[in-house]
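Here is a friendly walk through one protein model and its ligand. Please keep the structure open as you read.

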Amino acid sequence: MTGREQELDEVRGRLQALSLSQRIRLLSGRNSWQTEAVPQLGIPALVFSDGPHGLRHQPSGRDSLREGGTEAATLFPAAGTLATSWDEDLLLAVGAAIATEALWQQIHVVLGPGVNLRRHPRGGRNFEYYSEDPLLAARLGAAWIRGCQERGVGVSLKHFAANNQEHRRMVYDAVIDPRALREFYLAAFEPIVRGCQPETVMLAYNRLNGVPATGHRKLVNEVLRGEWGFEGLAISDWGATVNRAAALAAGMDLEMPGSGGSLDYEVDHALRAGELGERDVDRAVARTSALALRLARQRSERVGRLPSPERMYADHAALAVEAAGRTAVLLKNEALEGGRKPLPLTVGRPVCLLGALARRPHVQGGGSSHVRPRRQSTLLEALPRRLAAQVTYQPGYRLDGSIDEALLDEALEAAGAAVASGAEVVLVLGLSDADESEGYDRGTLLLPAGQNLLLERLLALGIRPLVLLQSGSVLQLPWFDEVPALLLLGLAGQGGGEAAARLLLGLSEPAGRLTETWPLMAENLAADGSFARAKLREPYRESFYVGYRYTESADVAVRFPFGFGLGYGEPVAFVGVEVLTENGEGNSCLRLPALQGPEIADTTVLRYRVGLSNPNAAAAVTVVQAYLERLDPDPDWPVPRLVLCDFARLQVAGESEASVELALGWRQLAAWNEGAGGWQTLAGRWRLQIGRDVRDARRRQGPAFEFAVEAVGETPPAPEQPVPDWYRAPAGQPQEWDFWRLLRRDGRERLLEEDDGSFSLETPLEELLPCALSARIFAWLARGVILLQAGIVPFVSDAEARRRQPGIGMQLLAMREMPLRAFPLFSRGVPPRGWLAWIVRRAERGRARRRR
Ligand code: BGC
């Protein structure tokens, strides 16, 4: 028996003192953020808080939009921005800092990190997700978790699984082929679960291949627990449970938030009907209680040794500035006449600072990850403190995106005068918290019209500003060729202004690298044709050809490739790569088992050392990236042209050499064989290429080595049907027909069949509105409740409500897209499901009448 099993056994015994209905009560939360405590048994409540880049603790237990209801915390760069550091030490430090604040704020579990992949640049929560690459997402997520859990605070690895869009987020069905699911989407979770044992895993809102994630027996019981050995608590995303009994049977333990016991009868009925055993209930309740006991104990062991809040927040403020500096990505710095580069700025030379975002920065996204920062630095305050010269400022555009000619004119005038007097023009552009938010996807990759117009007018006057970008994900930059310098600040958190000033002046050097491909436009990506378009079924037609896996395979021109980023000095050179013999048989040929079961974890099969040389006088930071290329393509098992297989960020002292050891895992040389139920080694020749970014690696400019892989044992047969052409040589958008044929290889083409479209409790409210007056009245009441909770009278328009409370837009949209069954989960069982079923029946009848 493992330690965890013993712990569970002991708690299970204690819980037998409760009646069955009391135990059932423990299966869902007490309120938005806490579980039920059992004081008579000494079992405390678990306390949760978002989120991945700072706490959003709401001590009242209510999920409130009102800022006053949330405790202030340190706002670190958003998860997606932290990722551009490619710096596991930094992620670990931020995880540890958030955990320390959690200990002070009496929180047991921090709801993060989100390691879902960025399938498409319009994904609304991309700013919360690390990357389009699973290896990178897994490594960064693991570092953050280690930081948090080492401090005795639990995490919630989320959103399991395939949560890649916000459009109809509570009902959409991600239809994914088996290889893409295993090799790509699940590959971001698996190493974390195996390596870190996160205390909890959060089951996503969406469905996966027809089954809700919360009730997905294969996903939760078989893959997560059975194959990967997960021992922690499986909790629902907030309001994600579709059917509590099915979810329990599938391996979910805790439903959040609390439905006030109003749905306990579902569990009771399922027990009576024999669909569920009492053991399922006991197992789930014991896991929740054991975790509450363990985390409470861990907290009490540490709380006496914590730094004072004053010192802690001061340290974390400094870490937030440091983090923002390490994540910035220099995207362009073109030498001017005379060879001088525009960045860094010259100390003592005046600056004309344009852009309202210099004063009111966009430093985080909207939704559940939104933090109430303890402080906020701005470039407008920070730059004059460090520049030792005059800084003039004009907003130039409105933050709501509308065009304001007066502001434009004032900015143009100021810029003209500044240039005439020898000043530099710095322009800050970016999105807003409402543009990048949970709850909806981005409609466009373009910047707001007023911002692009300002830049175009400046260019028309011959003024070429240095541009800073505040955005958590990809932007489309029509004016890219015209500007001399471009620095991506991402969503930099509370230290963003201070960090930006330091970066501009060269007091720190930008060394971040993009963690996603920046296409010239979204239409150039293979996922574009099927991303967030459907009512329900979302076919992931592009399979694993997401981001660079597609653009490099199909040779598509991009704005910036995955892994791209410049620095101020000369780049650190890669001087060579040396294979470190380890397998005793020489590394020119690796002999690997032909097939291994899913329970076998990844193992290192090759180690190698990359030599580096820094030509600059000053120390420089670089990110070594290693990519794997298959030299003997196999038509039955196509792979992307290049795949990231390891990386390291390191600093090399001025004018000196250094080296770093990297490793290759067996899984990178294998493909998931659904028919055989295991990982199949891809025999043949391979090349390992070091590069500055993926495109650089494709050009084969850095050091590399080639090796062969031999499969030992019997290789299972490939499916009889051939792989459709598109997946062997992807080009343009894959069609539904291509995808249908891909799924047919494993007998899964039925996943694409549409259901009969009849209304049910799973139907989003907005679909019922045209068909039933009762649905419209219900929507009107629900809207009123949301507005009242946010302190707004219900009679104002949506636009006015958004103006008063920017986050409300997301809630109103979420309400319209919500399936009826989810409403009681957010309001302690009100209205009862019976009423909602009645609305559904009325709507079905109304629709039938309209059709006649
Ligand atoms: C989000 C989760 C979040 C939870 C609690 C949900 O809407 O999807 O990421 O942790 O709310 O705020």
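## Around the ligand

The ligand is surrounded by 14 residues, and the closest are Asp 50, Arg 125, His 159, Tyr 205 and Asp 237; a residue is taken as near when one of its heavy atoms lies within 4 Å of the molecule. Before going further, note that this is a predicted model, in which local features need pLDDT of at least 70, side-chain atom pairs count only at pLDDT 80 or more, and totals for chains, interfaces and linings use all residues. Residues are numbered from 1 along each chain as its sequence is written, and side-chain values use heavy atoms, with hydrogens and water left out.

The shell around the ligand holds seven charged, five nonpolar and two polar residues. In this scheme Ala, Val, Leu, Ile, Met, Phe, Trp, Tyr, Cys and Pro are nonpolar, Asp, Glu, Lys and Arg are charged, and the others, Gly among them, are polar. The table gives distances from polar side-chain atoms to the ligand.

| Residue | Ligand atom | Distance |
|---|---|---|
| Asp 50 | oxygen | 2.5 Å |
| Arg 56 | oxygen | 3.2 Å |
| Arg 125 | oxygen | 2.8 Å |

On its own the ligand has 310 Å² of accessible area, and the protein covers 96% of that; such areas come from the Shrake-Rupley method with a 1.4 Å probe, and for residues only the protein chains shown count as cover.

## The nonpolar cores

The largest nonpolar core has 95 residues, of which Tyr 130, Trp 144, Phe 160, Ile 176 and Leu 644 touch the most other members. A core here is a set of buried Ala, Val, Leu, Ile, Met, Phe, Trp, Tyr and Cys residues joined through side-chain atoms within 4.5 Å. Helix H5 (residues 134-150) supplies the largest share of this core, ten residues; helices (H or I, at least four residues) and strands (E, at least two) are DSSP runs numbered from the N terminus. Trp 144 has contacts beyond its neighbours within four places in sequence, including Gly 51, Pro 52, Tyr 130 and Val 155, where contact means heavy atoms within 4.5 Å. A second, separate core of 66 residues includes Cys 352, Leu 447, Ile 463 and Phe 560.

Pro 831 sits in the loop between helix H25 (823-826) and helix H26 (833-851), while Pro 824 belongs to helix H25. Pro 831 is buried at 12% relative accessibility, and Pro 824 is buried at 1%. Pro 831 is in contact with Phe 778, Pro 824 and Leu 836, leaving aside neighbours within four places in sequence.

Glu 36 lies in the loop between helix H2 (20-25) and strand E1 (48-49). The side chains of Glu 36 and Arg 25 are joined by a polar contact of 2.4 Å.

Conventions. A polar contact is a pair of N or O atoms within 3.5 Å; within protein, one must be able to donate a hydrogen and the other to accept it, and residues adjacent in sequence count only if both atoms are side-chain atoms. Buried means under 20% relative accessible area, exposed over 50%, partly exposed in between (1.4 Å probe, protein chains only).
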